[in-house]
Amino acid sequence: MAELKFEIVEKIGELGDTGNGWKKELNIVSWNEREPVYDIRTWNEAHDRMGKGVTLSQDEVKTLKDLLDKAEI
């Protein structure tokens, strides 16, 4: 399996704590030297290991924000 390269370009914030020392975070990440994307996933404290997550383009983040603004939360 090829090595996964990543760079956390900007840390936006923590969404929660998993209880095992890992944090669910929203960051802007460049994967394999590609254009940075918004990224939601769990990270260990050193940010050298991560869990499964989801990446979103800027347009997808705008759509998600619009959907959340309309939702009755």
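Predicted model: local features only at pLDDT ≥ 70, side-chain atom pairs only at ≥ 80, totals over all residues.

Reader: Where is Thr42 found?

Author: Thr42 is in strand S3.

Reader: And what is Thr42 in contact with, leaving aside neighbours within four places in sequence?

Author: The list is Thr18, Trp22, Lys23, Lys24, Arg49, Met50, Gly51 and Lys52.

Reader: Back up a bit. What does the secondary structure of the protein chain come to?

Author: There are 1 helix and 4 strands. Read from the N terminus, the order is β-β-β-β-α.

Reader: What box do the C-alpha atoms fill?

Author: Roughly 40 × 30 × 20 Å, along the principal axes.

Reader: How much of the chain counts as buried?

Author: 19% of the 73 residues. The chain exposes about 5800 Å². Carbon and sulfur atoms supply 50% of that area.

Reader: What share of the contacts comes from residues 24 or more positions apart?

Author: 23%, counting contacts in the protein chain with a separation of 6 or more.

Reader: Now aromatics. How many aromatic pairs does the structure hold?

Author: It holds 3 aromatic pairs. In one of them, the ring centres of Phe6 and Trp31 are 5.7 Å apart. Their planes are at 45 degrees, so this pair is tilted.

Reader: Which parts of the chain does that pair link?

Author: Distant ones: Phe6 is in strand S1 (residues 6-17) and Trp31 in strand S2 (residues 23-31). The two residues are 25 residues apart.

Reader: Are those two buried or exposed?

Author: Phe6 is partly exposed, at 28% relative accessibility. Trp31 is buried, at 11%.

Reader: Which pair do Trp31 and Trp43 form, stacked or tilted?

Author: Stacked. The distance is 6.4 Å centre to centre, with 15 degrees between the planes. Trp43 lies in strand S3 (residues 37-43) and Trp31 in strand S2, so the pair ties together parts 12 residues apart in sequence. Both Trp31 and Trp43 are buried.

Reader: Which residues form the aromatic cluster?

Author: Phe6, Trp31 and Trp43 form one cluster.

Reader: Switching to charges. How many salt bridges does a search of the whole structure find?

Author: It finds 3 salt bridges. Asp17 and Lys23 make one of them, at 3.1 Å from N to O. Lys23 is partly exposed, with a relative accessible area of 25%.

Reader: Which residue does Asp39 form a salt bridge with?

Author: Arg41. The closest N and O atoms are 2.8 Å apart. The two side chains are also joined by a polar contact of 2.8 Å.

Reader: Are Asp39 and Arg41 buried or exposed?

Author: Both are buried. For Asp39 the relative accessible area is 0%.

Reader: What about Asp69 and Lys65?

Author: Their side chains meet in a salt bridge, 2.9 Å from N to O. Both lie in helix H1, 4 residues apart, about one turn of the helix.

Reader: Is Asp69 buried or exposed?

Author: Exposed, at 54% relative accessibility.

Reader: Last topic, the surface. Which residues make the nonpolar patch?

Author: Leu64, Leu68 and Ile73 make a nonpolar surface patch of about 330 Å².

Reader: Where is the place of Ile73?

Author: Ile73 is in the segment after helix H1 (58-70).

Reader: And what is its relative accessible area?

Author: 86% for Ile73. Exposed needs over 50%, so Ile73 is exposed.

Technical notes
Residues numbered from 1 in each chain as written. Heavy atoms only, no water. Patch = residues over 30% accessible without salt bridge, like charges linked within 9 Å, V, L, I, M, F, W, Y side chains within 5 Å. Areas by Shrake-Rupley, 256 points an atom, 1.4 Å probe, with all protein chains shown as cover. Salt bridge = Lys/Arg side-chain N within 4 Å of Asp/Glu carboxyl O. Buried < 20%, exposed > 50% of the residue type's maximum accessible area, 1.4 Å probe, protein only. Phe/Tyr/Trp six-rings, centres within 6.5 Å; stacked < 30°, edge-to-face > 60°. Contact = heavy atoms within 4.5 Å. Polar contact = N/O pair within 3.5 Å; in protein donor to acceptor, adjacent residues only side chain to side chain.
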